[in-house]
Amino acid sequence: MWQAEIRVDLGAIRQNVARLRSGTTAEVMAVVKADGYGHGMVPVARAALDAGATWLGVCTVDEALGLRAAGIETPVLAWLLAPGAPLEQAIRSGVDVSAGSLELLGEMVAAARAADRPARVHLKIDTGLNRGGAKPTEWAALVAAAAKAQADGQLDVVGVWSHLACADAIGHPSIDAQLAEYHDGLAVAERAGLHPKYRHLSNSAALLTRPDCHFDLVRAGIAVYGLSPIPGETFGLRPAMTVRGRVMVAKRVPAGEGVSYGHTYTTSQETTLAVVPLGYGDGVPRHASNSGPVLLGGHRRTVAGRVCMDQIVLDCGDDEVRAGDVAILFGPGDQGEPTAYDWADAVGTISYEIVTRIGGVRVPRVYDGEVASV
């Protein structure tokens with residue numbers, strides 16, 4: 001008998017990917033990093049591919065190899081590569097890798113020689129996010145080195161890409177500035193003799209709002225999971241995750257009783273307290289103390305007192321609540337339950353963090369909708 005679980009609606013994943021595909025002529029990369037934003041990397045990948053995604057995106061080589069170990073042979077790009085990353089293994093497994101510096105490109109060339117096959121490389125230009133990628137002043141040198149390595153048969157420049165800083169703020173001037181910088185970077189690559197098949201700049205927000213940024217490939221992240229990157233707009237997306245737990249204990253307590261650690265909450269009247277076995281050890285934000293919304297018994301409650309490592313407490317007043325009743329922390333909202341957006345608002349963060357952090361080893365994922373085979 002389960003006491004807490006995460007339900008993931010793979011039908012919603014497929015629906016979301018189909019919705020995204022309908023809005024672009026570019027190929028769609030489903031980003032499944034961080035264990036599929038907490039939803040499960042492999043089941044999400046299969047559902048997304050079943051709905052028409054043609055690429056998968058991850059951060060690390062280990063994530064990419066996990067997809068390969070699951071039998072997924074679709075093109076995969078791994079883009080967060082520290083010095084010493086297992087590039088030879090990635091190349092042997094047909095994983096595409098990203099290079100944004102001469103040093104990393106050199107490691108890729110060496111790994112390609114060891115693997116005795118060319119590396120499939122996406123060159124990254126930093127157009128203004130100021131994270132990874134070569135700055136425009138370094139770009140020509142990186143492109144020249146890549147062109148030479150390609151001519152020598154050591155790598156194949158498959159893509160040129162960048163990442164937007166403020167695409168979730170519609171009309172932000174940085175979007176046009178980065179797009180112009182990206183066009184300049186593409187021109188430099190072309191003059192060096194590089195003609196990559198895939199040019200990609202768009203994340204979920206740009207995919208949904210800036211068709212001029214789509215190019216050949218779009219990288220769909222949070223939107224795959226049914227959460228909008230644009231505040232106040234849903235774009236017809238459906239959240240795929242529901243988190244719920246069974247009440248472990250329901251007890252009557254008198255007025256004036258302190259609740260949970262530190263007694264930061266005190267009952268105002270005789271009331272029923274319900275204990276739900278989910279806490280910060282399972283990814284429930286401790287900042288949700290006295291603020292996190294939960295649906296129980298047909299009514300929204302607020303976490304009473306501090307979130308503990310393993311449990312939260314809800315003040316249910318005189319409502320009839322019993323051990324075994326189901327409390328929903330968040331879901332798509334169909335039953336009046338809070339959403340990941342509500343939790344994000346309650347703790348001052350974004351929905352991305354809420355879904356990605358939830359779970360851990362104690363809370364099983366249950367999948368609704370047949371998992372597609374790829």
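**An antiparallel sheet and a helix pair**

In this predicted model, strands β11, β14 and β17 form an open sheet of 3 strands in the order β11-β14-β17, with antiparallel pairing. Strands (E, at least two residues) and helices (H or I, at least four) are DSSP runs numbered from the N terminus, and two strands pair if DSSP finds at least two bridges between them. The edges are formed by β11 (249–253) and β17 (312–315), each of which pairs on one side only. Neighbouring strands of the sheet are turned against each other by 25 degrees on average, direction ignored. Strand β14 (residues 271–276) runs antiparallel to β11 and is joined to β11 by 5 bridges. Lys 251 stands opposite Leu 273 in β14.

Helix α3 (residues 41–50) packs against helix α4 (residues 61–69) at an angle of about 65 degrees, and their axes lie 10 Å apart. This makes α3 roughly perpendicular to α4 (65 to 115 degrees). Axes are lines fitted to C-alpha atoms, for helices over the stretch in contact, and angles run from 0 to 180 degrees between N-to-C directions. The contact (heavy atoms within 4.5 Å) involves Met 41, Val 42 and Ala 45 of α3 together with Glu 63, Gly 66 and Leu 67 of α4. By class, the residues of this contact comprise 4 nonpolar, 1 polar and 1 charged; Gly counts as polar and Glu as charged.

Residues are numbered from 1 along each chain as its sequence is written. Local features need pLDDT of at least 70 and side-chain atom pairs count only at pLDDT 80 or more, whereas totals for chains, interfaces and linings use all residues, and side-chain values use heavy atoms, with hydrogens and water left out.

Conventions: Parallel < 35°, antiparallel > 145°, perpendicular 65-115°, else oblique.
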